[in-house]
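Reader: I would like to work through this model one feature at a time. Please give the general idea behind each reading, then the case at hand.

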Amino acid sequence: MDLSRNIDIIDLPEDQLIEKLKNGDPASFEFIVREYGGYMLTIAKRYLGSEADAQDAVQDAYAQAFRGINNFQGRSSLKSWLHRIVVNASLMKLRTYKRRPIDLIDDIPSLFDSNGKRIETAAEVTLSIEEVAIDSRQRALIRQQIDALPETAKNLLLLRDIEGYSTIEVSELLGISVSSVKTGLHRARQALKKKLEIQQR
Amino acid sequence: MNTDDSKNIMNGDSIPSINCKSFDAFIVDYIDDNLKDEEKKIFIRHLIECAPCKKYLEDYQNSIALSEAAFSNDEKNPKKEIPEQLVSAILAARQSAK
């Protein structure tokens, strides 16, 4: 790789980088692969679990990005544009690999009595956010609990609570209705909350 | 109009009361700040009156914050490298697609 040319690209304002990409400049393409590829792998791995599947998804994502760069309007940053493409590529892979029926969380015991009154429990979430922020083992434990959720529930949590997509965006990405996103998200959060409660006993 | 509604009106109480299960159905929209003013008043009224739901909502929000915290280092960490063989594969695929 010609390093001197890449240093030039690092210094470019994003709109000029995008112009170069639209003009098919090979060095600019290589730059965005190296600059964002690791980040894209991290995102893909959240959804797919395995490194090999994540690499496939990242490769698909870049192929789509190269094909679609001329349609990129610049309404978001290049990074969030690529983020969405790799999320999409990962979700596509999940669909082709697993073909599991839409899984529902059905092991949450009813939270209400027959009058619709909340049933009180002694369980509590006592993990502290400050500790989780500095303790990688606690972070890994929470991530394992999220991974252990049914696939749709896990994806809803990742998309809405971790990656910050809106309900409407998630409904587009998953191809389900807005009300399904909301009810599914609520159940997914309830299920995770319950797992985190059990966790610290 | 059911009896609860008429009781509220007769008491001059303008905010309808709901049960815990109905409250629960509002939680996602409440957190997204998507409730209409009237719905929000109903939600808050229940929140003030019902200690178990108040506790539940606190834990629920805490659990969301914990899941965010569990991923917080992905952004902060030194940038993850992309394997060289993957870079080559991506660039080669682009070459052959042209």
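**Cysteines, helices, core and interface**

Author: The sulfur of Cys20(B) has its closest cysteine sulfur in Cys53(B), at 3.7 Å, which is too far for a bond. A disulfide is called when two cysteine sulfur atoms lie within 2.5 Å. This is a predicted model, where local features need pLDDT of at least 70 and side-chain atom pairs count only at pLDDT 80 or more, while totals for chains, interfaces and linings use all residues; side-chain values use heavy atoms, without hydrogens and water. Residues are numbered from 1 along each chain as its sequence is written, with chains lettered from A and ligands numbered from 1 in the order of writing.

Reader: Which cysteine sulfur is closest to that of Cys53(B)? And how many disulfides are there over all chains?

Author: For Cys53(B) the closest sulfur is that of Cys50(B), again at 3.7 Å and too far for a bond. The count over all chains is zero disulfides. As for burial, a residue is buried under 20% relative accessible area, exposed over 50% and partly exposed in between (1.4 Å probe, protein chains only). Cys20(B), at 3% relative accessibility, is buried, and Cys53(B), at 0%, is buried too.

Reader: How should I read the secondary structure, and how many helices and strands does chain A have?

Author: Helices (H or I, at least four residues) and strands (E, at least two) are DSSP runs, numbered from the N terminus. Chain A has ten helices and zero strands. Chain B has six helices and zero strands.

Reader: What share of the residues in chain A is buried, and what share in chain B?

Author: In chain A, 47% of the 201 residues are buried. In chain B, 36% of the 98 residues are. Accessible areas come from the Shrake-Rupley method with a 1.4 Å probe; for residues, only the protein chains shown count as cover. Chain A exposes about 10,400 Å², with 50% supplied by carbon and sulfur atoms. For chain B the accessible surface is about 5,900 Å², and carbon and sulfur atoms hold 52% of that.

Reader: Which residues have the most contacts inside the largest nonpolar core?

Author: In soluble globular proteins, nonpolar side chains tend to be buried together. A nonpolar core is a set of buried Ala, Val, Leu, Ile, Met, Phe, Trp, Tyr and Cys residues joined through side-chain atoms within 4.5 Å. The largest one here has 80 residues, and Ile32(A), Val58(A), Tyr62(A) and Leu78(A) have the most contacts inside it. H3(A) gives the largest share of this core, 13 residues. Domain 1 (3–98) and domain 2 (129–199) of chain A both contribute residues, so the core lies between them; the domain bounds come from an automatic or database assignment.

Reader: What does Val58(A) touch, apart from residues up to four places away in sequence?

Author: Contact means heavy atoms within 4.5 Å. Val58(A) touches Met40(A), Leu41(A), Ala44(A) and Val86(A), and also Leu86(B) and Ile90(B).

Reader: And where is Thr42(A) placed?

Author: Thr42(A) sits in helix H3 (residues 26–48) of chain A, and at 18% relative accessibility it counts as buried. Its C-alpha atom is 9.7 Å from that of Val58(A), 16 residues away along the chain. Neighbours within four places aside, Thr42(A) is in contact with Asp74(B) and Lys80(B).

Reader: How many residues does each chain put into the contact between chain B and chain A?

Author: Chain B gives 44 residues and chain A gives 53. Buried area is the accessible area (1.4 Å probe) that two parts lose on being put together, summed over both. Here it is about 4,400 Å², with 61% from carbon and sulfur atoms. On the chain B side, Leu66(B), Phe71(B) and Arg94(B) supply 15% of the area buried against chain A, more than any other three residues.

Reader: With which residues is Ser67(B) in contact, leaving aside neighbours within four places in sequence?

Author: Ser67(B) contacts Ile142(A), Ile146(A), Ile162(A) and Leu192(A). Ser67(B) belongs to helix H4 (residues 51–71) of chain B and is buried, at 1% relative accessibility.

Reader: Last, backbone angles. What is the phi of Asp33(B)?

Author: Most residues other than glycine have a negative phi. Asp33(B) is not a glycine, yet its phi is positive, about 55°. Asp33(B) lies in the loop between helix H2 (20–31) and helix H3 (37–49) of chain B and, at 54% relative accessibility, is exposed.
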